[in-house]
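Thank you all for making the time this morning. I would like to take you through one model, going from its sheet to a pair of helices and then to a few places in the backbone.

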Amino acid sequence: MKNIVVLVSGSGTNLQRILDTIDQGEIQNAKVTLVVADRECYGLERAKNHQIENILIPRRKNFSAELSKVIPENTDLIVLAGFLSILKSEFCENWKGKIINIHPALLPKFGGKGMWGMNIHHAVIEAGEKESGATVHFVTPEIDEGDIILQKSFIINEGETPETLAQRIHEVEYEIFPKAINKILGN
């Protein structure tokens, strides 16, 4: 059984998708053993509702060091699911190849500092892009620059708004996140 730690900052919908796909057998031979949040959020409630150990580590200067102390040594994969804090280089290097993130754009475009949430969708539409999608990638010390594990795109509809784009991307995230986790875990 592979042990997954999930880091969250928000409502935890991708966390819920991971939990559901584990329960349904889509993600095999794995369990979420710990959920860590960097702020009060509904993601912690989702963990509690599934009787999963959960910890709030408020975001501050020594966040990555505090996080390192709570992640079990037997962790096979750390999943950033709507996690908004930037992790220190040392943390990323210590977990190299075992830490992944989902990004609501087609990397390498629209990644990096400030590219999160609705900021991305506004930028994609303002740039006149013809397609968008989501990317699961390895986390490295450089923001959104790790190797791509899985990516899926779709054509942007005429009249698309940032809000409709966000909804469509979320559906793609639900589809590719479990597949990427299985791929990394060797399932």
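What follows is a walk through the sheet, the helices and some single residues.

Please keep in mind that this is a predicted model, in which local features need pLDDT of at least 70 and side-chain atom pairs count only at pLDDT 80 or more, while totals for chains, interfaces and linings use all residues. Residues are numbered from 1 along each chain as its sequence is written, and side-chain values use heavy atoms, with hydrogens and water left out.

Let me begin with the sheet, which is open and has seven strands in the order S3-S2-S1-S4-S5-S6-S7, with mixed pairing; strands here are DSSP runs of E of at least two residues, helices are runs of H or I of at least four, and both are numbered from the N terminus, while two strands pair if DSSP finds at least two bridges between them. Strand S3 (53-56) and strand S7 (148-155) each have a single partner strand and stand at the edges, so one side of each is left without a neighbour in the sheet. On average, and with direction ignored, neighbouring strands of this sheet are turned by 20° against each other.

In general, strands of a sheet pair through backbone hydrogen bonds, either parallel or antiparallel. Both senses can be seen here: S1 and S2 pair in the parallel sense over seven bridges, with Ile-4 opposite Val-32 in S2, whereas strand S6 (residues 131-138) and S7 run antiparallel and are joined by seven bridges, with Gly-133 opposite Ser-153 in S7.

S1 is mostly covered, as six of its seven residues are buried, where buried means under 20% relative accessible area, exposed means over 50%, and partly exposed is in between, with a 1.4 Å probe and protein chains only. Val-8, which has its place in strand S1, is buried with a relative accessible area of 0%. Leaving aside neighbours within four places in sequence, Val-8 is in contact (heavy atoms within 4.5 Å) with a set of residues including Leu-15, Val-35, Cys-41 and Phe-83. Val-8 and Cys-41 are 33 residues apart in sequence, and their C-alpha atoms are 8.1 Å apart in space.

Now to the helices. How do helix H5 (residues 118-126) and helix H6 (residues 162-185) meet? Their axes, which are lines fitted to C-alpha atoms over the stretch in contact, with angles from 0 to 180 degrees between N-to-C directions, come within 9 Å and cross at roughly 115°. The contact is made by Met-118, His-121, His-122, Val-124 and Ile-125 of H5 and by Pro-162, Glu-163, Leu-165, Ala-166 and Ile-169 of H6. H6 also lies across several strands, among them S1, S6 and S7, and runs at about 155° to S7.

I will end with the backbone, where most residues other than glycine have a negative phi, and most peptide bonds are trans. A cis peptide bond, with omega of about 15°, joins Leu-107 and Pro-108, and Pro-108 has its place in the loop between S5 and H5. Gln-51, although not a glycine, has a positive phi of about 55°; Gln-51 lies in the loop between helix H2 (42-49) and S3 and counts as exposed at 70% relative accessibility. Asp-144 is likewise not a glycine and has a positive phi of about 60°, but Asp-144, in the loop between S6 and S7, is buried, with a relative accessible area of 13%.
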